Amino acid sequence: MFSYTRMLKRSLLPVLLFVCVAMLSVSTFAQDTDAYAGVEIDAQNVLKMQTYVEPSLESLRLRKLASAKEIAPDLREFNPARAVSLTRLEGEIANNNGILTDEVRYMAGLQRIDYVFVYPETGDVVLVGPAEGWYKDASGRVVGLTTGKPVLRLDDMVAAMRTYAPGSKEAKVIGCSIDPTKEGLARFQQFQQKIGTTATPNMTEMIVNGSKEALGMQKVSVTGVNSETHFARVLVEADYRMKLMGIGLEKIPCRGMKSFVDSVNPGTVARNALFRWFFVPDYECVRMSADKLAMGLEGKSVKLVGADEMVTSDGSRKEVVVSDSASRRFTQGFTKNYEKIADSAPVYAELRNLVDMAVVAAFLQETDAYGKLGWELVYFGDESKFRIQTERAPEFVESAVNAVWRGNTLTTPIGGGVEIFAKRALNADNLLSANDAVVAEEQKEMEANLPENGWWWNE
């Protein structure tokens, strides 16, 4: 990240130049009901924004119909409480010689994780949540037939379980960051010096294109999970598009919510050089039974915070880089409207599910569920047996720049990322309840009705 700010002197008209660290495009993306925003990774491993358009409502209907025909009726219909046994699912894959069906890939259509139940006597780890049949939208994202909500993917769950693997107590962090190169920053400063004495509206395109060219490619870093996984791809896309929304290059799909650039006070920004926004778990989302064999998840699970609100794994706060009321309004607005945004931009529903899966994996490790069950992840833990490294790893993205002619003249870089300290959700001071009778009762009720066969069932 960088903290360079320079006033453009003697400007005929002042311009706010927002440099989104590691963002891509200067054109806004369509929010039509028949268009889907997403990303693609080209042959050079450069992440690029892509808009996918549904040819017609009839083509959508036919694709849903074709998908529904391939799904068993009991699996197809929406159910508010479908159960999936991870241990039985691993056995199912092993018995099928590693061949995966869509039913397995998409975890019987689960769309959220409401509960996790551990049963040492039967050897089951059961996830419970709403579910239904699925289809692929125009962007290739797998979503529910009626709700349009993304389904959980088994490769994502396995990625989280490998991060918080059996036999380890390491408090790993899962995340991503997109950073400029030193060479790019040097070129950017040189470019700013060249245009530092004059600036007019006619120069806007030149300033934007020159800034992008000077900064060049930004480096993508992924931690905690393999960068060649779908899990990593979602982290980067979610971070990437959030910053585009912040600087006004992608429309925020929530009526009444303003972007950062819509509400920023130029005078305030002139005193600050760098804004950093991070997606982090809403750690106060867990209820746990007294015997630590059951956990309930509730709430949004994800929030957007500024650097001044970041808390590290040991509970200390990060150094405050910059604090601004417009930045806080944007991050708080994104958090408050997270569900609405996720309804129109499904990548944020996927991000929420990744956070939930990371917390589940941390719970299984922290409570030694693997030891209690004698579960060694023989299949899930071995990439040669169960492949999750199937995506092209995003290594670079282009810089994005948005120029707004208003107030003082300056440059404002914007950075951040995603940081998931999943084990913090299990700390005593974060638990909604460490002795939750309702969660314990739900676990006992399901235990009495565990089926003898099958890895999924409807409650």
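Two strands pair when DSSP finds at least two bridges between them; strands (E, at least two residues) and helices (H or I, at least four) are DSSP runs numbered from the N terminus. You're looking at a predicted model, where local features need pLDDT of at least 70, side-chain atom pairs count only at pLDDT 80 or more, and totals for chains, interfaces and linings use all residues. Residues are numbered from 1 along each chain as its sequence is written, and side-chain values use heavy atoms, leaving out hydrogens and water.

Start by selecting 286-288 and 294-297: these are E12 and E13, an antiparallel pair with three bridges. Zoom in on Arg 287, which sits opposite Gly 296 of E13.

Now widen the selection to the open, antiparallel sheet of six strands, ordered E12-E13-E5-E6-E4-E18.

Then pick 86-95, helix H3, which lies across E4 (79-85), E6 (124-131) and E18, at about 60° to E4.

Last stop: H6 (182-194) and H7 (204-215). How do their axes cross? At roughly 150°, coming within 7 Å, so H6 is roughly antiparallel to H7 (over 145 degrees; under 35 is roughly parallel, 65 to 115 roughly perpendicular, the rest oblique). Show Phe 188 and Phe 191 among the H6 contact residues, and Met 206 and Ile 207 among those of H7.

Key:
Contact means heavy atoms within 4.5 Å. Axes are lines fitted to C-alpha atoms, for helices over the stretch in contact, and angles run from 0 to 180 degrees between N-to-C directions.
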